[in-house]
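My plan is to look up a few things, one at a time, and jot down what comes back.

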Amino acid sequence: MNGKHGKHGKLATMVLGVVVLSQVGATDCGGNVIRDPGFDLWCGDSLCTWKLLRGDVERVGTWHEGDSGISLVGADTAIQQISPVNSHDGNCIRFALVANVDESAEVFLDVDVEGDGTVEQHERIPTSHWKPLTFHIYVKPPYDGIRFELNKRGTGSAVLAQIQAELSDQCEGLTQLDANPRPNGASCELGTDCASGICLDSAGFPPPGSVFGKVCVGCDPAATTTTCGTGQVCGVGSALSPILAVPVECVPAGSRELAQACLSNDECETGFCSSTNGTVGLCSGCGSATDCGGEACSTSWVFTTNTLFGIPLDGPNVCQPGARLGAPGAACGTDADCASNSCSGSVRKVCNDGRECSTPGDCPVTDGLAPGPCNTVGIQGGTCD
């Protein structure tokens, strides 16, 4: 893919250490912990804030002229929304909706604490005719967020409307949902909280639910003896969901392309990681001026847009960036790094905390339950043509 994509920006340099963040936007002004509870926001024929997992949906009328609902079309349809509500906000959530469900349709509410793919609560939405229904969700702390999934099986009609999920105090006597053992990237206090058995200071931005800035990790990058298998190194993985931190875990050696996050040279196919003093860096084309024949080894791009916490998003190190001198095959992050003025690679997109993304839905919430932007910042795995 040709890299002619205009100005580009950078992955955040994230410092190892205790970082405690305040929760941002865990509820809206009405106390809801989900966006668009009335299914009012549509982007063409698709919902803007609910993600379609499979099947199809349609906007339809309901029992009331002023309300619209969503019809789950087909024999296997599911939508989801991931909420940033966490244990700092509360442990009891009231989930309510109005449903019109045929006898030949089975509709369920699935509750996935941490959004890691494990469903902790599975509720059948019964056959009904515009009936108000309420479910209570009681979560054991700590937790970092919840994925709500609405799914339907069968050929019958199923229309849902007026969904609300809000903090409540009506969970007394209910069994708490327990997300332990917790996945990599989840907040923790002790190693016993984690599936890996390791709880460390976050290598980047911890989830807002983390009290002391600690997260579950798959390995300890500072350990003198690695716990990773043959052909693996302790490095930067991929977040399971936008409510979890980018994890530190065992990854294949040499598997990260230029501009991808790293902790050590061993992660990068280029052999260079810009990490210094325990920071998360980027796989780069050089480590110092020595690797560039005495010429400059510095960041390929600078992203000047204001970002979360004001941290700039600079690019990977390459030789003589922006000088249009790179020979064919040389590492590049923008077209301007190459004598040919053409840098081939894939588009590099990151959230404001530096994690990779394809759409804003992959990014953590920054305000009013809305996810932050997915920024196009440069070229990943770039080489000069």
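Before I start on strand partners, a term: I call two strands paired if DSSP finds at least two bridges between them. Strands here are DSSP runs of E, at least two residues long, numbered from the N terminus. I also keep in mind that this is a predicted model.

**Entry 1: overall make-up**

I looked up the secondary structure and found 22 strands and 0 helices. I then checked burial: 48% of the 385 residues count as buried. For contacts with a separation of 6 or more, I see that 65% come from residues 24 or more positions apart.

**Entry 2: partners of β4**

Which strands does β4 pair with? I found β3 joined to β4 by 9 bridges, running antiparallel. In that pairing Val60 stands opposite Gly69 of β4. I also found β9, which pairs with β4 in the antiparallel sense over 8 bridges. There, Asp76 has Arg153 in β9 as its bridge partner. Then comes β10, antiparallel to β4 and joined by 2 bridges. Ile70 has Leu160 as its bridge partner in β10.

**Entry 3: the largest nonpolar core**

I went looking for where nonpolar side chains gather. In soluble globular proteins, such side chains tend to be buried together. The largest nonpolar core here has 36 residues, and Ile125 and Phe148 touch the most other members. I noted the strands that each supply at least two residues of this core: β4, β5, β6, β8, β9 and β10. Of these, β5 gives the most, with 5 residues. I also found a second, separate core of 12 residues, with Ala203, Val215, Cys234 and Ala245 among them.

I went back to Phe148 and listed what it touches beyond four places away in sequence. Among its contacts are Val33, Ile34, Trp50, Ile79, Phe95, Leu109, Ile137 and Ala165. The list also includes Gln80, Gln81, Ser83 and Asp110.

**Entry 4: the largest pocket**

Next I looked for empty space. Rolling a probe the size of a water molecule over the atoms shows where it is left. The largest pocket has a volume of about 900 Å³. I counted 43 residues in its lining, with Pro242, Pro360, Gly361, Asp362 and Cys363 nearest the centre. By class, the lining has 22 nonpolar, 12 polar and 9 charged residues. Which strand gives the most to this lining? I got β4, with 4 residues. Both β3 and β4 supply at least two residues each.

**Entry 5: strand β22**

Is β22 mostly buried or exposed? I found 7 of its 10 residues buried, so the strand is largely enclosed by the rest of the structure. It covers residues 375–384. I checked its pairing with β19, which is antiparallel over 7 bridges. Val350 stands opposite Asn375 in β22.

**Entry 6: Gly235**

I picked Gly235, which is found in strand β13 (residues 232–236). Gly235 has 0% relative accessibility, so I put it down as buried. I then listed its contacts beyond four places in sequence: Cys219, Pro247, Val248, Glu249, Val251, Leu263 and Glu267.

Most residues other than glycine have a negative phi, and most peptide bonds are trans.

I found a cis peptide bond joining Pro141 and Pro142, with omega about -5°. Pro142 is in the loop between β8 and β9. The bond from Asn180 to Pro181 is cis too, with omega near -5°. Pro181 lies in the loop between β10 and β11.

For positive phi, I noted Glu114, at about 80° although it is not a glycine. Its place is in the loop between β6 and β7. Glu114 is at 0% relative accessibility, so it counts as buried. I also noted Asn341, with a positive phi of about 60°. Asn341 lies in the loop between β18 and β19. Its relative accessible area is 34%, so Asn341 is partly exposed.

How values were computed:
Residues are numbered from 1 along each chain as its sequence is written. This is a predicted model: local features need pLDDT of at least 70, side-chain atom pairs count only at pLDDT 80 or more; totals for chains, interfaces and linings use all residues. Side-chain values use heavy atoms; hydrogens and water are left out. On a 1 Å grid over the protein atoms alone, a cavity is a set of points where a 1.4 Å probe fits but cannot get out, and a pocket is an open set with protein on both sides within 12 Å along at least five of seven lines; lining residues have an atom within 4 Å of a point. Grid points are joined across faces, edges and corners, and a volume is the space filled by probe spheres set on the points. Ala, Val, Leu, Ile, Met, Phe, Trp, Tyr, Cys and Pro count as nonpolar, Asp, Glu, Lys and Arg as charged, and the others, Gly among them, as polar. A nonpolar core is a set of buried Ala, Val, Leu, Ile, Met, Phe, Trp, Tyr and Cys residues joined through side-chain atoms within 4.5 Å. Buried means under 20% relative accessible area, exposed over 50%, partly exposed in between (1.4 Å probe, protein chains only). Contact means heavy atoms within 4.5 Å.
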